[in-house]
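Here are my notes on the model you sent over. Have it open while you read, and look up each spot as you go.

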Amino acid sequence: MSAESVATTRYARSLNQIERARRTIPGGVATAMRAAQRPVPLVIERAAGSRMVDVDGNEYVDYVLGFGPMLLGHSPPEVIEAVREQLGRGFTYGAQHRLEAEVAERVVDAVPCAELVCFSTTGSEAVQAALRIARAATGRRKVIRFEGHYHGWLDPMAVSSPGTEPAPAGAEPPLPPVPATEGQADASGLVLICRWNDPDELAGLLERHGDEVAAVIMEPVAANGGLIPPRPGYLERARELTGSQGSLLIFDEVVTGFRLARGGAQERFGVTPDLATYGKAIAAGMPLSAVAGTRAAMEVVADGRVPHVGTFNCAPPAAAAAAAALDVYRARSPEMYEGLERTAAALADGLAGAAAEAGVPLKIHRVGPLVQTFILDPETRVEQYADTLAADSARFARFAEAMLARGINVLPRGWWFLSTAHTDDDVELTVEAARSAFTEVAE
Ligand code: PMP
């Protein structure tokens, strides 16, 4: 059977639904991130634990996990129970409710930098809030960010994100911001771009522009652009340099928060920023995000210089989910994190073995329960965004499609999320599928 006829039989209902959606939704998908899935962006019927079922009745072991929120797997019972309980008492009040402080207290308890917490709905908004707070707190305008990191879709941060062209090797920072899409406001002069993992480059940039720089923002592990960990000492150096220049250090922990450890990357690496942003796992799949920070940094919100607003900020159902999820993370620490680490390590080892058997070069990064696979000679050094572009991404996307046909859902860009619901059997099934999918894409 041709690939096309497989698609039209196995994924017939997904195809139909996408056709229908295209008539009223541009491109047929609600977030362009999903458009890359081949042979068709899946339409899902239901999800529980490590599994999702699509509208054609195909079941998948899921490594997308809603792009990360579902750290406890899909439909976690403790969270469902808490949300259900809240739904009977109202959706949103335009007034305070008890869960707000309960969630903030849990964040303060878990996160080293957190003394005060503000809430929003999405990660992009949390980043926007953190930057505004940093500008107000320092009286400065500019922000340093890193090539290949991702901080959401809002202007002016959606520049030099994964998927954009990197600056030529040797170009001196500030590198020109490369917009991720057309239609963006001009970020030049406002956002200074630097390469990741080069402490001297960051030091030089701060030396030249430090007195204008409100904040240096980073994913403390460059999760979106290749899961690139910081070199030893790099976060410490960034902490020192920002401190001495009077700029705030912001960790964007939308991915790493509550995942690399209960206290996120800052706990795992022992480096405490001034501000940190959270989304995804904070509410185990309900829309809630947060900025947490030191009292000194957050004082501008407390004293009213930065009124922090939003109709749905800390909406009760999302707050109920967050309180329940944060309780689970605390009650099950440290075993939960050790278990996630073991499952992810087993997956990474299994994939490495399957690729080697098929003669496919596979480079693997793993940090905690996050895994990134590149079709690339495993000896290649990948320490900056530009290094990731040597990987054969088209071939990995073909592998992802072959995995989907075998009941495994993995992002076409090779980023794997693990949850507490993934079992050894799931990993075994996945590695079995990978053996034949790698053979299919071997050259
Ligand atoms: N920061 C990081 C590190 C992210 O990974 C994301 C989302 N992938 C965002 C910010 C933006 O979050 P949202 O999509 O919820 O706006």
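1. First, the ground rules. This is a predicted model, where local features need pLDDT of at least 70, side-chain atom pairs count only at pLDDT 80 or more, and totals for chains, interfaces and linings use all residues. Numbering starts from 1 along each chain as its sequence is written, and side-chain values use heavy atoms, with hydrogens and water left out.

2. Have a look at H6 (residues 199–209) and H7 (residues 234–245), which pack at an angle of about 10° with their axes 10 Å apart. Helices here (H or I, at least four residues) and strands (E, at least two) are DSSP runs, numbered from the N terminus. The axes are lines fitted to C-alpha atoms, for helices over the stretch in contact, and angles run from 0 to 180 degrees between N-to-C directions. That makes H6 and H7 roughly parallel to each other (angles under 35 degrees).

3. Who touches whom in that pair? On the H6 side there are Pro-199, Asp-200, Leu-202, Ala-203, Leu-206 and Glu-207, and they meet Tyr-234, Arg-237, Ala-238, Leu-241, Thr-242 and Gln-245 of H7; contact means heavy atoms within 4.5 Å. Sorted by class, the contact has seven nonpolar, two polar and three charged residues. Nonpolar covers Ala, Val, Leu, Ile, Met, Phe, Trp, Tyr, Cys and Pro, charged covers Asp, Glu, Lys and Arg, and the others, Gly among them, are polar.

4. Next, H10 (residues 316–331). From first C-alpha to last, this 16-residue helix reaches 22 Å, close to the 22 Å expected at 1.5 Å a residue (1.5 Å times one less than the number of residues). Of its 16 residues, 13 are buried, so H10 is largely enclosed by the rest of the structure. Buried means under 20% relative accessible area (1.4 Å probe, protein chains only).

5. Now the backbone. Most peptide bonds are trans, but Arg-38 and Pro-39 are joined by a cis one, with omega about 5°. Pro-39 sits in the loop between H2 (12–22) and S1 (44–48). The bond from Ser-333 to Pro-334 is cis too, omega near 0°, and Pro-334 is in the loop between H10 and H11 (335–358).

6. Last, phi. Asn-197 is not a glycine, yet has a positive phi of about 75°; you'll find Asn-197 in the loop between S6 (191–194) and H6, buried at 1% relative accessible area. Leu-227 also has a positive phi, near 50°. This leucine lies in the loop between S7 (213–218) and H7 and is buried at 0%.

Note on methods:
Parallel < 35°, antiparallel > 145°, perpendicular 65-115°, else oblique. Buried < 20%, exposed > 50% of the residue type's maximum accessible area, 1.4 Å probe, protein only.
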